[in-house]
Amino acid sequence: MDEARARGRRVGFVPTMGALHEGHLTLAREARARVGDHGLVAVSIFVNPTQFGPNEDFSKYPRELERDVARCATAGVDVVFAPDAASMYPAGERTRVTVRALSEPLCGPFRPGHFEGVATIVTKLFALAGRSVAVFGRKDYQQWRILSRLAEDLMLPVEVVGVRTVREKDGLAMSSRNRYLSDEDRQRASAIPKALGDAARAWERGERDASALREGAEAKLRAVADSIDYVDVRDPSSLEPYAGGDRALLAVALRVGNTRLIDNVVLGEEPAPA
Ligand SMILES: Nc1ncnc2c1ncn2[C@@H]1O[C@H](COP(=O)(O)OP(=O)(O)OP(=O)(O)O)[C@@H](O)[C@H]1O
Ligand SMILES: [Mg+2]
C-alpha cells in the first residue's frame, strides 16, 4: 500500500468478514469510484473473534475465502487481505478501543463488547491501511457512526464513507447472515423493510411523534419476529433519542428463527425500503 501511495495511487479500503454478497461488492465499487482507475482498492476479510459474544455464531460464521476472492476479482478489487487471528491478535496483546456514547444505545446493551471488538479491529486495520478512504455500509448504521467518530478522534488519515443499504428485490437488507434463514423465516423477514417503509410513508405524511413511529413499526414486527431487541427512533448523528429535527433514524434489531437481523431507515433522507 505504501508503495502504491508512493507512486501517487490513492487507496480505497473495504473491511469485511467475508461471505461476500452484492452489498459488499457495492462498497468495493464505491471505493473504486472514490480512488479512480489509477487507485488501489483493497478488501479485508477477517472474522474478528473479539466482536462476537460467547453465545454468538463465531465458530459457525460462514467462511468461503476462495469464492470471496473470485467475487472480489469481478468487482475490480486489487488486493484481498485475509489475515489469521494470531497475526491480528498476537500473544501478549492488551489494547482495546472504546468509542463512548455512540456504542451505548441500540445494539450496545444487546451485544456487550461487540463495538469494542469492532473498534479495536478497525483501528488495527486502519493502521495497516494508512492514508485511505474506508467504505462501510449503512445497514450497520451504528457501526458506521462509531467508526467515523473513531477515525476523527484518533486523528487517523482515513476518510470514512457510509454507503446506502443494498437490498433484495422485496427490500430485505442484504446480509451474510440471511443465509441462515429458512424459506419460512425469509418470508417473515420481508416484513422488516415493509415496516420501515410504512414509517417512511407516515413521516412523509407529516408524522413526527417518535412513539407513534416506533409503536407502528413494532406492532408489525411483533407479528413476525421470534423476539425483538429494539425498535428505536434516534437522532441520526448523535444517536441520542430523537427530539425533533428534519431527519430521524428508525433502527430495528430482531430475531427471525435463530437469526438476528438489523435494519434501519433515515426518515426524511432515504426512500422507503419497501
Ligand atoms: N446490505 C448491505 N448494504 C450495504 N453495505 C452492507 C450491506 N451488508 C453489509 N454491508 C457492509 O459490509 C461491511 C462488512 O460487513 P459484514 O462483513 O459484517 O457483512 P454482513 O452482511 O453485515 O454480515 P453479517 O450479517 O454476518 O454481519 C460493513 O461495512 C457492512 O455495513
Ligand atoms: Mg455484519
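Okay, let's start with the domains: the centres of domain 1 and domain 2, taken over C-alpha atoms, are separated by 25 Å. The contact between them takes 13 residues from domain 1 and 13 residues from domain 2, where contact means that the C-beta atoms of two residues, placed from the backbone, lie within 7 Å. Domain 1 is 2-163 and domain 2 is 176-267, with bounds that come from an automatic or database domain assignment.

Some housekeeping. This is a predicted model, in which local features need pLDDT of at least 70 and side-chain atom pairs count only at pLDDT 80 or more, while totals for chains, interfaces and linings use all residues. Residues are numbered from 1 along each chain as its sequence is written, and chains are lettered from A and ligands numbered from 1 in the order in which they are written.

So, the overall picture. We have nine helices and eight strands in the chain; those are DSSP runs numbered from the N terminus, H or I with at least four residues for helices, E with at least two for strands. The radius of gyration is 19 Å, close to the 19 Å from the globule rule for 274 residues, so the chain is as compact as a globular protein of that length. That radius is taken over C-alpha atoms, and the rule is 2.2 Å times the number of residues to the power 0.38. Along the principal axes, the C-alpha atoms fill a box of roughly 55 × 40 × 40 Å.

How much of the chain is buried? Of its 274 residues, 39%. Buried here means 20 or more other C-beta atoms within 10 Å of a residue's own, exposed means 12 or fewer, and partly exposed is in between, with C-beta atoms placed from the backbone. And of the contacts with a separation of 6 or more, 68% come from residues 24 or more positions apart.

Now the core. The largest nonpolar core has 69 residues, and Ala199 and Leu250 have the most contacts inside it. Both domain 1 (2-163) and domain 2 (176-267) give residues to this core, so it lies between them. By nonpolar core I mean a set of buried Ala, Val, Leu, Ile, Met, Phe, Trp, Tyr and Cys residues joined through C-beta atoms within 7 Å. If you click on leucine 250, its contacts beyond four places in sequence include Leu196, Ala199, Leu213 and Val265.

Alanine 251 counts as buried, with 24 C-beta neighbours inside 10 Å. Leaving out residues up to four places away, alanine 251 touches Leu106, Tyr141, Asp232, Arg234 and Asn264.

Let's follow that to leucine 106, in the loop between α4 (85-88) and α5. Leucine 106 is buried, with 25 other C-beta atoms within 10 Å. Beyond four places in sequence, its contacts are Gln142, Tyr230, Asp232, Leu239 and Ala251. Leucine 106 and aspartate 229 are 123 residues apart in sequence but 8.5 Å apart in space, C-alpha to C-alpha.

One of those contacts, leucine 239, has a backbone worth a look: its phi is near 65°, a positive value in a residue other than glycine. Leucine 239 sits in the loop between β6 (227-234) and β7, and is buried, with 22 other C-beta atoms within 10 Å.

Next, helix α6, residues 141-153. At 1.5 Å a residue, its 13 residues should span 18 Å, and the end C-alpha atoms are 18 Å apart, which agrees; the expected span is 1.5 Å times one less than the number of residues. Tyr141, Gln142 and Leu150 are among the buried residues of α6, and their cover includes α5 (114-129), β4 (132-137) and β8 (259-267). Just after α6 comes methionine 155, with a positive phi of about 55°. Is methionine 155 buried or exposed? Exposed, with 7 C-beta neighbours inside 10 Å.

Helix α5 passes the length check too: 16 residues should span 22 Å, and its end C-alpha atoms are 22 Å apart. What covers its buried residues includes β1, β2 and α6. Just after α5, glycine 130 takes a positive phi of about 70°.

Last stop, strand β1, residues 11-16, where six of six residues are buried. Val11, Phe13 and Pro15 are on one side, with Gly12, Val14 and Thr16 on the other. Six bridges join β1 to β2 (residues 40-45), and the two run parallel; strands pair if DSSP finds at least two bridges between them. In β2, valine 43 is the bridge partner of valine 14.
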